[in-house]
Amino acid sequence: MDKESLLTGDNAAFLDEKYLAWLDDPNSVDSQWAKVFEELDKDSVTNYTPQQEQPSTVFQARTGGGSIVSASVAHRQAKVAQLINAFRVRGHTEANIDPLGRRIILQHPELDPEYYGLTESDLDHVVSGTGVFGVGEFISLRALISRMRRAYCGGFGVEFMNINDPEKKKWLQRRFETLHDSPILDTEQQLRLLRHLADAENFEQLLHNRYPGTKRFSIEGAEPLIPLLASLIDHLSEDGAQRVMLGMAHRGRLNVLANILNKPIRYIIDEFDDESHRVFERSGDVKYHLGYSNHFVTTSGDKVRVTLAFNPSHLEAVNPVVEGRSRARQDQIGAGGEKAIVPLLLHGDA
């Protein structure tokens, strides 16, 4: 909200009414307005005299005659705006991304309120929440900083302010800054994802115990990829996806085949036992190049066709193949094809 524009047009009369009501009974107005009136009364210049030009509103007179906000309030808000931007730009540098707690997090100076001249006494002042998603018009500075820390210095880091498209940037800001306002997963969803995680771990243990010392591009350390893909396909199905065209490298490929595309484990075991030579006339790491296609059943019971593209040794060469196949199927469908067919690419280092 632009406080400078509050006294224009009908706003002045409205503000007078609110302010006079608050003077008569502080409990008669909304708590947010009460905080504003208290804050501005505290910080405003009170040397108004009758000889000065008569302000156009009662509230303007009580706050110094020239502006609804005093210089100190305006300066504080400017510093707050800088701090908000710093969290969006630098917040990832203090993200707590080490589940073992061994990473030393060094505080970035631009994320410290004191860097902008904001003191401990400023933290309990009410500031404008305009421009920050998920907050009201006014919020205490302490609560605002806590919210920005949860959004940008929590369990993941995000670096996105270099995006040139303002709409895309705003979309991301809204997502990050409101993510912690509601539970992400209910109990049923948590149990389902736990089952996917356990399946991923059990599959790796099977291969490890059965083929010790054999070269395998294990998913170990990145098992959450399986519940992540399962959850992603669920959401894509809700948005109308009928088929997911998947391209990925060697790492974790067998686990994805087994637990997302439901390729029979017997087939994968045969490939380890060099039974595949009957078909391919060779063995080795050919199983990490194979594709597959099958249905994935979502939580709502819908079926989404998931197709994993065959991979060459030049791993990133699969990307244009997946995109081209997806575009061709989208064009065949026509209107709505871009939602029905979804290309999904995983980098080998991801």
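How much space lies in the second largest cavity? I looked it up and found about 40 Å³.

**Ground rules.** The model is predicted, so I note that local features need pLDDT of at least 70 and side-chain atom pairs count only at pLDDT 80 or more, while totals for chains, interfaces and linings use all residues. Residues are numbered from 1 along each chain as its sequence is written, and side-chain values use heavy atoms, with hydrogens and water left out.

**Overview.** I counted 13 helices and six strands in the protein; these are DSSP runs numbered from the N terminus, helices being H or I of at least four residues and strands E of at least two. Of the 350 residues, 41% are buried (under 20% relative accessible area; exposed is over 50%, partly exposed in between, with a 1.4 Å probe and protein chains only). For contacts (heavy atoms within 4.5 Å) with a separation of 6 or more, 62% come from residues 24 or more positions apart.

**Cavities.** The structure holds two cavities of 30 Å³ or more. On a 1 Å grid over the protein atoms alone, a cavity is a set of points where a 1.4 Å probe fits but cannot get out; a pocket is an open set with protein on both sides within 12 Å along at least five of seven lines; lining residues have an atom within 4 Å of a point. Grid points are joined across faces, edges and corners, and a volume is the space filled by probe spheres set on the points.

I listed the lining of the second largest cavity, which includes Phe-203, Glu-204, Leu-207, Arg-216 and Tyr-288. Helix H7 (187–210) gives the largest share, three residues. By class I get five nonpolar, three polar and two charged residues. Here Ala, Val, Leu, Ile, Met, Phe, Trp, Tyr, Cys and Pro are nonpolar, Asp, Glu, Lys and Arg charged, and the others, Gly among them, polar.

**Pockets.** I read a volume of about 720 Å³ for the largest pocket. Its lining has 22 residues, with Leu-179, Ile-184, Leu-185, Ser-231 and His-235 nearest the centre. Helix H6 (166–178), H7 and helix H8 (225–238) each supply at least two lining residues. The classes are eight nonpolar, seven polar and seven charged.

The second largest pocket has about 350 Å³ and 14 lining residues; Leu-193, Pro-224, Pro-227, Leu-228 and Ser-231 lie nearest its centre. H8 supplies the largest share of this lining, seven residues. I find ten nonpolar, three polar and one charged residue there.

**Cores.** Which residues have the most contacts inside the largest nonpolar core? They are Leu-207, Leu-229, Leu-254, Val-256, Ile-260 and Phe-272, in a core of 32 residues. A nonpolar core is a set of buried Ala, Val, Leu, Ile, Met, Phe, Trp, Tyr and Cys residues joined through side-chain atoms within 4.5 Å. H8 gives the most to this core, with six residues. I checked Ile-260: leaving out residues up to four places away in sequence, Ile-260 touches Ile-226, Leu-229, Ala-230, Ile-233, Asn-255 and Phe-296. A second, separate core of 24 residues includes Tyr-116, Leu-123, Ile-145 and Phe-176.

**Asn-262.** I found Asn-262 in the loop between helix H9 (253–259) and helix H10 (265–272). Phi of Asn-262 is near 55 degrees, a positive value in a residue other than glycine. Asn-262 counts as partly exposed because its relative accessibility is 41%.
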